[in-house]
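This report walks through selected elements of a two-chain model.

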Amino acid sequence: MTLTLTDVTLTYPDGGTRLTALDRVSLHVAAGTLTAVVGPSGSGKSSLLAVAATLVTPDRGRVVVAGTDTAGLGGAEKAALRRERVGIVFQQPNLLPSLTAVEQVLVMAHLSGGPARAARARARELLDAVGLADKADRRPHELSGGQRQRVNIARALMNEPAVLLVDEPTSALDHERGAAVLDLLAALTRERSTATVLVTHDRAHLDRVDGTVTMRDGRLTAHAPA
Amino acid sequence: MGTVVVLITLLVGLLSGLTAGLARENTSAVTGLEADRLAFAAPPDGRPVSFTDSAVGERAWRTWAGRPGVTAAEPVGIRTLDAATGDGRRTAAVSAFGVRPDGGLAPGTVATGRVVLSRPAADGLGAAPGDTVRLGGSEMTVGAVAGDASYSHTPVVWTSLDDWQHIGGSGGSERDRPGGGRATVIALSTHGADLAAGDEAAGTRTLTLDESLTAIGSYQAENGSLQLMRGFLFAISALVVGAFFTVWTIQRGADVAVLKALGASTPYLLRDALGQAVVMLAAGTGVGTALAAGIGALLGGGEGAVPFVLDASTVLVPAAVMIVLGVLGAALSIRRITAVDPLVALGSAR
């Protein structure tokens, strides 16, 4: 399963005119590969992520997520696609304050309505995979920034997504913890065969990725396989 | 928020019990009559009937008694007056209900010179069976103490219709006087009777027992005021709950955006929020209702107690209404969830 954007254009209203956030962008990310999208702030990286996550409908172009063409999908169908086939790792972990780490991960299973016992076992397995087996019952305020980001990653993987969208996962972490998170993402991508898109402005850890694309003013200006 | 729901429920519960208690003190003698309708003297010019102005004569109740479908037509005289013990040491305002000895309306046997006191009347006068009481200047013997009937906030003394006619008039016109004895209303037990034709023949206006409560002067104003207060409390509770969930929804906006981004459908989020509202309302209402029931039991117990009714209509119904109105208020507030943009979760999406 892959993620494919073909000739995607996205504009936003900006006063009396429209601002072009994505300008005829095409991108293909294969299963089991980690592709980094780099570029300065305002270049369109997050817009690319929003389009790939079906949170925004582009003006033009085709977006195919895990074999599903998103054109013409309704809100409920897009929500189901995100729930079942897409994992999102947010820039800020965006954890729910009242839930423990394992409950944060279980939220995804709850949204999908799967069997509770199997979901709990899988949530613990994922926390183990991200190195937080002993922190499963801690709430967000009891976790460090890096640990919260790991919970964020575990949550994104809970429903076995085909496409993993990662937004600036290291922006709030120091170099060492950032490297650890990138290592984890690269390993999980290969191990679980996800088509992973990593949006970042930090070029420090790009040796871990399979390919890098650069965005500037809404356009992909370079595509450099690792 | 839970505390607010508890307090409002407590207030509504207490007011409901008190309203019902006051209504019972005003009407229980009428609602407890072994009859399904009351026939009042038809007032002139379409004016509303009232117990105070109604006076029916023997001709009227005999007319009703002879109508097809009428199984019983018993005259009832009603008059509020002072009663005193035989030695005059204790007095109390009572409502004298004059009925025929064999009419079956009194809770005990009445006869000429022999009355039945309701328990509140007996308590007020300190009288027991065998004692003498004075009603409007006539001395009578207490034959029994039975029931707790009350009318217009005074306890009832059941007398024979003959005695009642001697201790006081009906208070209204006496146009039927040539026809014989008088009473205030006629208690009818009917089964398929033509009521309109009966009224026409007897010169009366017939109402059901519930309808006839409006003919008690103080009942409508008193009950209307209390019910209005209750209605306002319900409305306030819905507004308070709605306001709370408006703030709650706004505060949870970021969390809702994350859940939407993760794939939560809007109906799921609405159900989830409404479910939490129901749980909170049920818990708050439960505690408030329990407190109201406890305080009501304390208020309503013992001699000289506050009139307070503690039953399903005053405990469970207000609780259910609170929950329903609270859920409506919450539902109107949490609809804002539909407008939350999941892009917020991505932060710098634009």
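## Helix H2 of chain A

The model is predicted. In H2(A), the buried residues are A:Lys78, A:Ala79, A:Arg82, A:Arg83 and A:Arg85. Their packing partners within chain A are E4, strand E6 (86-89), H3 and strand E7 (163-167).

## The contact between the chains

Chain A puts 23 residues into the contact, and chain B puts in 16 residues. Which elements of chain A give two or more residues to the side that touches chain B? They are H1, helix H2 (75-85) and helix H3 (101-112). H2(A) gives the largest share, five residues. By class, this side of chain A has 15 nonpolar, five polar and three charged residues.

Chain A has six helices and ten strands. Of its 226 residues, 47% are buried. Among contacts in chain A with a separation of 6 or more, 71% link residues 24 or more positions apart.

Four strands of chain A form an open sheet in the order E2-E1-E4-E5, and the pairing is antiparallel. Strand E2 (17-29) and strand E5 (68-69) of chain A are the edges. Each has a single partner strand, so one side of each lacks a neighbour in the sheet.

Strand E1 (residues 3-14) and strand E4 (residues 60-65) of chain A run antiparallel and are joined by five bridges. One residue pair can be named here: A:Thr4 has A:Val64 in E4(A) as its bridge partner. Helix H1 (residues 45-52) of chain A packs on the sheet and touches E1, E2 and E4 of chain A. The direction of H1 makes about 115° with that of E1(A).

## Strands of chain B

E3(B) and E4(B) form a hairpin, with five residues between them. In the turn, B:Gly88 has a positive phi of about 75°. Eight bridges join the two strands, E3(B) and E4(B), in the antiparallel sense. B:Leu81 has B:Val94 in E4(B) as its bridge partner. E4(B) is mostly covered, with seven of its nine residues buried.

E4(B) also pairs with E9(B), in the parallel sense and over five bridges. There, B:Gly98 stands opposite B:Thr159 in E9(B).

Which strands pair with E5(B), and in what sense? Strand E5 (residues 114-117) of chain B pairs with strand E7 (residues 138-145) of chain B in the parallel sense, over four bridges. E5(B) pairs with strand E9 (residues 154-160) of chain B in the antiparallel sense, over two bridges. B:Val116 takes part in both pairings: its bridge partner in E7(B) is B:Ala144, and B:Trp158 stands opposite B:Val116 in E9(B).

## A loop residue: B:Asp102

B:Asp102 lies in the loop between strand E4 (91-99) and E5 of chain B. Is B:Asp102 buried or exposed? B:Asp102 has 9 C-beta neighbours inside 10 Å, so it counts as exposed; the cut-off for exposed is 12 or fewer. B:Ser160 is 58 residues from B:Asp102 in sequence, and the two are 9.5 Å apart in space, C-alpha to C-alpha.

## Helix H2 of chain B

Helix H2 (residues 58-65) of chain B has buried residues B:Ala60, B:Trp61, B:Thr63 and B:Trp64. Why do they lie on the same side of H2(B)? They cover an arc of only 155° around the axis, and this places them on the same side.

## A helix pair in chain B

Helix H7 (residues 217-251) and helix H10 (residues 312-334) of chain B pack at an angle of about 35°. Their axes are 7 Å apart. The crossing of H7(B) and H10(B) is right-handed.

Residues of H7(B) in the contact include B:Phe234, B:Ala238, B:Gly242 and B:Phe245. On the side of H10(B), they include B:Met322, B:Leu325, B:Gly329 and B:Ser333. By class, the contact of H7(B) with H10(B) has twelve nonpolar, seven polar and no charged residues.

Definitions and conventions
Residues are numbered from 1 along each chain as its sequence is written. Chains are lettered from A and ligands numbered from 1 in the order in which they are written. This is a predicted model: local features need pLDDT of at least 70, side-chain atom pairs count only at pLDDT 80 or more; totals for chains, interfaces and linings use all residues. Two strands pair if DSSP finds at least two bridges between them. Two residues are in contact if their C-beta atoms, placed from the backbone, lie within 7 Å. Axes are lines fitted to C-alpha atoms, for helices over the stretch in contact, and angles run from 0 to 180 degrees between N-to-C directions. A crossing is left-handed if the near helix is turned anticlockwise from the far one by less than a right angle, and right-handed if clockwise. Ala, Val, Leu, Ile, Met, Phe, Trp, Tyr, Cys and Pro count as nonpolar, Asp, Glu, Lys and Arg as charged, and the others, Gly among them, as polar. A residue is buried if 20 or more other C-beta atoms lie within 10 Å of its own, exposed if 12 or fewer, and partly exposed in between; C-beta atoms are placed from the backbone. The arc is that of the directions from the helix axis to the C-beta atoms.
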